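This briefing is meant to be read with the sequence and the coordinates at hand. Its points are grouped by topic, so that each can be checked in the viewer.

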Amino acid sequence: MRKELVSLVERGKKVFLIGIGGIGMSALARLLASRGLVVSGLDAKKNRMVYKLEKEGIPVYIGH
């Protein structure tokens, strides 16, 4: 991985994802959280993915 990209995914950094309840963003949220980043996000409404992320300890805010 390029040096610039490695510095973006350092343990403890905060990441906020828009549309976190989607299939792609929820996967990215899990990946980043597994690497030690502090992940949270926003989605328009609750869905199955949002409930799963919240269960895993990833905060999700609802509404735009």
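In this predicted model, Leu8 touches Lys13 and Leu37, once its neighbours within four places in sequence are left aside.

**Overall fold**

- Of the 64 residues in the protein chain, 30% are buried, and among contacts between residues at least 6 apart in sequence, 37% join residues at least 24 apart.

**Leu8 in helix α1**

- Leu8 belongs to helix α1, which covers residues 3–8, and with a relative accessible area of 53% this leucine counts as exposed, because the cut-off for that class is over 50%.
- Between Leu8 and Val39 there are 13 Å in space, taken from C-alpha to C-alpha, and the two are 31 residues apart in sequence.

**Asp43 in strand β2**

- Asp43 lies in strand β2, which is formed by residues 38–43, and although Asp43 is buried, it has no salt bridge.
- The nearest side chain of opposite charge to Asp43 is that of Lys45, 7.8 Å away, and this pair does not count as a salt bridge because the cut-off is 4 Å.
- Leaving aside neighbours within four places in sequence, the contacts of Asp43 include Gly19, Ile20, Gly21 and Gly22, and also Val50, Val60, Tyr61 and Ile62.

- The buried residues of α3 are Met49, Val50 and Leu53; they lie on the same side of the helix, because the arc they cover around the axis is only 100°.
- In general, an α-helix has 3.6 residues a turn, so residues three or four places apart point the same way.
- Arg48 and Lys55, by contrast, are exposed on the other side of α3, while the cover over the buried residues of this helix includes α2, β2 and β3.
- At the start of α3, a side-chain oxygen of Asn47 comes to within 2.9 Å of the backbone nitrogen of Met49, and after the helix comes Gly57, which has a positive phi, near 90°.

**Salt bridges**

- The structure holds 2 salt bridges, and in one of them Glu56 pairs with Arg30, with 3.0 Å between the closest N and O atoms.
- This pair links distant parts of the chain, 26 residues apart, since Glu56 sits in the loop between α3 (48–55) and β3 (60–62), whereas Arg30 sits in helix α2 (residues 23–34).
- Both partners are partly exposed, Glu56 at 47% relative accessibility and Arg30 at 26%.
- Glu54 forms a salt bridge with Lys46, and here the closest N and O atoms are 3.0 Å apart; Glu54 is partly exposed at 27% relative accessibility, and Lys46 is partly exposed with a relative accessible area of 38%.

Definitions and conventions: Residues are numbered from 1 along each chain as its sequence is written. This is a predicted model: local features need pLDDT of at least 70, side-chain atom pairs count only at pLDDT 80 or more; totals for chains, interfaces and linings use all residues. Side-chain values use heavy atoms; hydrogens and water are left out. Helices (H or I, at least four residues) and strands (E, at least two) are DSSP runs, numbered from the N terminus. Buried means under 20% relative accessible area, exposed over 50%, partly exposed in between (1.4 Å probe, protein chains only). Contact means heavy atoms within 4.5 Å. Lys and Arg count as positive and Asp and Glu as negative; His and the chain ends are not counted. The arc is that of the directions from the helix axis to the C-beta atoms. A polar contact is a pair of N or O atoms within 3.5 Å; within protein, one must be able to donate a hydrogen and the other to accept it, and residues adjacent in sequence count only if both atoms are side-chain atoms.
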